[in-house]
Amino acid sequence: MSTRRRRRNPGVAYSDVTGTLRERTVDALRDPTLADNLRTAGDSWGAGREVMKRDFGFDEMRDRARDIRRSNIRNMPALLAELQSNVRASGGVVVRAADADEACRYITDLARARGARVVAKSKSMATEEIKLNEAMEHAGLEVVETDLGEWIIQLANEHPSHIIAPAVHLNRDQVAALFREEAGTDDVPTDREGLVAHARVRLREKFAQAEIGISGVNLGVASTGTVCIVENEGNARLVTSQPRIHVAVMGMERVVADWDEAAHILQVLPMAAISQDAANYVSLITGPRREGETDGPEEFHLVIIDGGRGALRGSEFEEVLSCIRCGACLYSCPMWQNVGGQAYGSPYSGPIGAIITPLLEGPSSPGSRDLPFMSTLCGACGDACPVGIPLPDLLVRARARSSSPAKRKAGLAFRVWSLLWRRGVTYRLTMIGWRLALRIRGRGGWVHRLPGPGSGWTKVRDMPSKWPPRR
Amino acid sequence: MSTPVEQMVQSLARRKATVELARPGDAGRAAAVWMADQGIVRAVLADDPVVDAIRLESALRAAGIDVLRWPVAMGRREVLGLEGPEDVCGVTVPTLAVAERGTLVLEASVGHGRGLDVTNRHHVSLLMADRVVETLGEALARTFADGRPVPSAVSLVSGPSRSSDIEKISTLGAHGALTEHVVIITP
Amino acid sequence: MRVLLMRTCLSDAIAPKVWKATRRALERAGVEVKVPRGQTCCGQPAWTAGHPDQARAVARHTIKVFAGSDEVVVPSGSCAGMVIHAYPELFAGQPDEEDALDLALRTIEFTQFLAKHDLDPRAKACGALTVHDSCHMLRVLDEHESPRAALAKVPGCEVREMAHADQCCGFGGVFALNFPELSGRLGEQKAQAAAATGAPEVVSCDLGCLMHIAGRAHRTGIPIRARHISEVLGS
């Protein structure tokens, strides 16, 4: 095997995405199944959120959640040092990876050194971000996503459409078809319970075979060196208990100071994400199995990823580091509700994804620079966020920061606009010109086609040339 | 104003777990009866004083249920239920429980496998009534108190396994146990 | 009581009736209204498009035009939101930061002004209608009641609430031009929700939303008319 390593700069946005962002939204809008599935998901989330507020005091918990996370980010270096020290004291290994390359290399080297062939994975946005599956498959490993939704989209060879519910855009019939193909038989149930039972058996085979289990980390608790993994299905329990080696991949900002803080965030997270006061399973893992224990991994490796996060501390975007990846902003977003997560072309979709993808990639990255513009700035996301991230404001800042030929063109237009509109006289002249043009082009009180930048308007709407608008 | 145990009973119902209260003298038989009703043929018990105190092992044998005690000498496939009988029950002993959420706190130790509640199809938990606290904060503060050795794994378990991935509607039994039955042992 | 009236560039461009009706409503309620000459725009289009320097240049002019101590009333939740919420950020560290903050404190959306001073514009009667809450009103200004309180004083006015009333209409300023299809889809959903109330018209505090909803409704044949709330209150 060659020792010269190929330099990889995978970026965050998916590399197999085609077309422009706008084209992908148009494709998504043409899909009626997608629209129905997203609407069901969105309505259900909305109803659940009302219950959380009314019966479980969700709103009252948000201020404290925000304060905790802000404090975590302020103290991030010290907390990470404490976390690291305590993980090591419990017999675990800690690796600080500067970027995707370093993280993937560590994990694939480990797998090679241990002679691993099969890797069982539970859901981790961080591993999607660093494209770990790709790196492991490239290294000859069989990687199996064990989270039901992630397994489904792995079979479909698709990208997830939501942080928490990745297969939310597929319905039961679509899932049954994928299972039939995977199992190589038509003898697959078509009811919901049957499909789940089928998946249970197929995935248990993988838990039995895997030498390495890879999980994400919802929170790292510095005071005891504990990683917290929150889930509903139980696959992370099996990923972190059955294989001999457990690798936990954590974004560096996911650290809290102590159990007081962890308790609060662990309560807020399921309320925000799935509108439940508790997730089914929370695993609190500190290092490998202890002397005399007969189940649990013999090795525990914590890979802490920077990937551009550290640079955000102290910047005007620092607040995005508070994010606990609940996915609420996605569900609340009218854009996401209509086009789904895949149109964003990044593992992080929705409002948070539209901000952090270009931040982690660079403001002129073609894969992500348009993302902050795919928003009406309606503010529903800011309302939904359990840790008070001012998402709409950050979207505007992200727009100011972005750089592209289209933006430079618009910049020239706004230069002219500002020259004309900073004086009453020239403003008045443009208004006279505009109103004249409307009157000339108007038919029955409507203009059906505007030229230049206005064509975006009249592609789908008429422009009233008289007010109130005629019927 | 309900007691922690009363609150725990309500919360467990909300989580779709089943629960019964029993005195120490009856708890072993109660658990055995529940398991026999489910068609359970084998039980894997935590190696814990509570299990002995309620004489669960003999009650299970009397009900014709095969008994194994942790640690078990079994390959991974059998642990996961891919081989051997399907209707196997893991029996756990929580260190604490959280009344407001219906959460069981299970600690991994030499006598208590970390996967007991989740590798088997069924899960019975023997909860001492005086181990029920009201809030998650309290449970975590006690579990990770200064001076106490930090367990390798603590599992917070809140109701039977469920997945919302198919049409975003809760579906039981994706990976963990399909059932959860809690026997609260009252004095 | 005297106020300065901010006309808004959208009203100047599409519907001067709107700012005139606002003035009429205020005067009928006993308020003296001054409409400063030479006023232009709050700068929002450039701000949300990611060109803060251009936004600031135009906003600077607005700050000068509206200098003084009177309250500045504006028939737009969007423009009020811009001045109140964004000017502090836009002018942070600038030489005229104090003037910007001063204007931000004096600026108020039209129906909020009516509610604050408990004013009755003595509007003529109107019939059934539905109210579209713009996102700026709802989330930036945190306001749901003031348009309804104002309409409650209009004889015969029957407000029928639409389903998914807090969902964005899809206008979003430059978004309408950059992502027309998605914008149109949201506008259609809003127009349908409005029409489904059975009311013949939708009113709002924001002209941008109304242009978009009406424009999409006309293109797709959804039977709903649109008017700015000032036109009802200043009828």
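Start with chain A and colour its two domains, 56–311 as domain 1 and 414–464 as domain 2; their centres, taken over C-alpha atoms, are 52 Å apart. Those bounds come from an automatic or database domain assignment. Keep in mind that this is a predicted model: local features need pLDDT of at least 70 and side-chain atom pairs count only at pLDDT 80 or more, while totals for chains, interfaces and linings use all residues. Residues are numbered from 1 along each chain as its sequence is written, with chains lettered from A and ligands numbered from 1 in the order in which they are written.

**Stop 1: two helices in chain A**

Select residues 172–183 and 192–209 of chain A, which are helices H9 and H10. (Helices are DSSP runs of H or I with at least four residues, strands are runs of E with at least two, and both are numbered from the N terminus.) H9(A) and H10(A) pack at an angle of about 30°, and their axes are 11 Å apart. The axes here are lines fitted to C-alpha atoms, for helices over the stretch in contact, and angles run from 0 to 180 degrees between N-to-C directions. That makes H9(A) and H10(A) roughly parallel, a label for angles under 35 degrees; over 145 is roughly antiparallel, 65 to 115 roughly perpendicular, and the rest oblique.

Now show side chains. H9(A) brings A:Arg172, A:Val175, A:Ala176, A:Phe179 and A:Ala183 to the contact, and H10(A) brings A:Arg192, A:Leu195, A:His198 and A:Arg202. By "contact", read C-beta atoms, placed from the backbone, within 7 Å. The residues of this contact split into 5 nonpolar, 1 polar and 3 charged. For these classes, Ala, Val, Leu, Ile, Met, Phe, Trp, Tyr, Cys and Pro are nonpolar, Asp, Glu, Lys and Arg are charged, and the others, Gly among them, are polar.

**Stop 2: across to chain B**

Bring up chain B next. Of the 2 pairs of chains in contact, A and B share the most contacts: 61 residues of chain A meet 44 residues of chain B. Several elements of chain A give two or more residues to this side, including H9, H10, helix H12 (259–274) and strand E9 (281–285). H10(A), from the previous stop, gives the most, with 12 residues. The side of chain A that touches chain B has 27 nonpolar, 20 polar and 14 charged residues.

Chain B itself has 6 helices and 12 strands. Its C-alpha atoms fill a box of roughly 45 × 45 × 35 Å along the principal axes.

**Stop 3: over to chain C**

Select chains B and C together: no contact joins them, and their closest C-alpha atoms lie 21 Å apart.

**Last stop: inside chain C**

Colour chain C by domain, 2–115 and 123–233.
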